[in-house]
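Please open the model in your viewer and keep the sequence panel beside it. This tour goes from one selection to the next and says what to look for at each stop.

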Amino acid sequence: MTGTARSHAKGFKPEAKKHLGQHFLHDGGIIAMIVQAVDPKPGDHLVEIGPGQGAITFPLLDRHGELTVIEFDRDLIFPLTDGARAHGTLEVIHRDVLTVDFTALANEDKIRLVGNLPYNLSSPILFHALDHAAVIRDMHFMLQKEVVDRMAAGPGSKVFGRLSVMLQAYCQVIALFDVPPGAFRPPPKVDSAVVRMIPHAPDKIGIVDHALFARVVRDAFGQRRKTLRNALSQVCDGAAIEAAGLRPDARAEQIEVADFVRLANALAASGA
Ligand code: SAM
């Protein structure tokens, strides 16, 4: 049988592709917990990133009746479309998710993103979603536990860093539950966790210059041990940090997310 013919055969399960971060969920209890966490309501526009062999897709379809999925692996498109028939209406977008315009996809309604993400692409996917935060109601993602810990960390934690600040400035981040490697085939080498992110209302974000905010956060955490005055020397001086109500000798890992926003806005106002 040729590759394409094989992928069109009923019940065919292609082998997991490492370069696409494929680890397929098979633990029914964990799948049920994800569906429960998403808790779809009539009228919700659900969009799943990386449906794979349908582990979350089909149970979500059973519950909700319709779903849009974005899958990059062409070998999975036919099994998904074919398998979905028994469960509900599936719209399959065969694309790299990083090229999908969520704003166009959302149309009038906000979308709800779901996905057991390919771990090699988790940061780019998170930041791509943030670019479209205005049209996203919430996100439920399976990621490496270590990444979820960093995303949800607060000041004073060892893992509080650039990812924590960049995500929490735009979203509420809630770590929901951990998932062991044995829940997947093949098992990943690391523990996983499911996280919920709810984008803040645009007026709550309050960042004046998004590029400057990103630069301040990047530089502040660029050299964690440095004081703010030294770490931010390319962007501002100690007086500007003080004028924003922060101590120039503080370190980035002690600073609240709202204080980073205030500092970047003060710098934007002073023309930095
Ligand atoms: N949701 C399935 C599950 O839980 O069993 C599969 C999850 S697997 C960790 C990640 C999925 O993302 C795979 O199906 C993979 O083919 C897909 N994927 C990888 N890179 C992608 C990309 N750039 N765009 C869309 N899907 C991608």
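Leaving aside its neighbours within four places in sequence, which residues is histidine 23 in contact with? Select histidine 23 and you will find Ala16, Phe184, Pro186 and Pro188 in contact with it, where contact means that the C-beta atoms of two residues, placed from the backbone, lie within 7 Å.

Before going further, please note that this is a predicted model, in which local features need pLDDT of at least 70 and side-chain atom pairs count only at pLDDT 80 or more, while totals for chains, interfaces and linings use all residues. Residues are numbered from 1 along each chain as its sequence is written.

**Stop one: the listed positions**

Histidine 23 sits in the loop between helix 1 (3-8) and strand 1 (24-25); helices (H or I, at least four residues) and strands (E, at least two) are DSSP runs, numbered from the N terminus. Histidine 23 counts as buried because 21 other C-beta atoms lie within 10 Å, the terms being buried for 20 or more such atoms within 10 Å of a residue's own, exposed for 12 or fewer, and partly exposed in between, with C-beta atoms placed from the backbone. Now select leucine 25, which is found in strand 1 and is buried too, with 20 other C-beta atoms within 10 Å. Beyond four places in sequence, leucine 25 is in contact with residues including Ile30, Ala55, Asn116 and Phe184. An unreviewed UniProt entry lists His23, Leu25, Gly50, Glu71, Asp96 and Asn116 under "binding site", although such annotations may be inferred rather than shown by experiment.

**Stop two: parallel strands**

Show strand 2 (residues 45-49) and strand 3 (residues 66-71), which run parallel and are joined by three bridges; strands pair if DSSP finds at least two bridges between them. Across this pairing, isoleucine 49 has isoleucine 70 of strand 3 as its bridge partner. Strand 3 and strand 4 (residues 89-94) pair in the parallel sense over six bridges, and here leucine 67 stands opposite leucine 90.

**Stop three: an enclosed helix**

Next select helix 7 (residues 145-152), which is largely enclosed by the rest of the structure because six of its eight residues are buried. The elements covering these buried residues include helix 6 (122-131), strand 6 (136-144) and strand 9 (192-199).

**Stop four: the nonpolar core**

Finally, colour Val195, Val216 and Phe260, the residues with the most contacts inside the largest nonpolar core, which has 72 residues; such a core is a set of buried Ala, Val, Leu, Ile, Met, Phe, Trp, Tyr and Cys residues joined through C-beta atoms within 7 Å. Domain 1 (18-204) and domain 2 (210-270) both give residues to this core, so it lies between them, the domain bounds coming from an automatic or database domain assignment.
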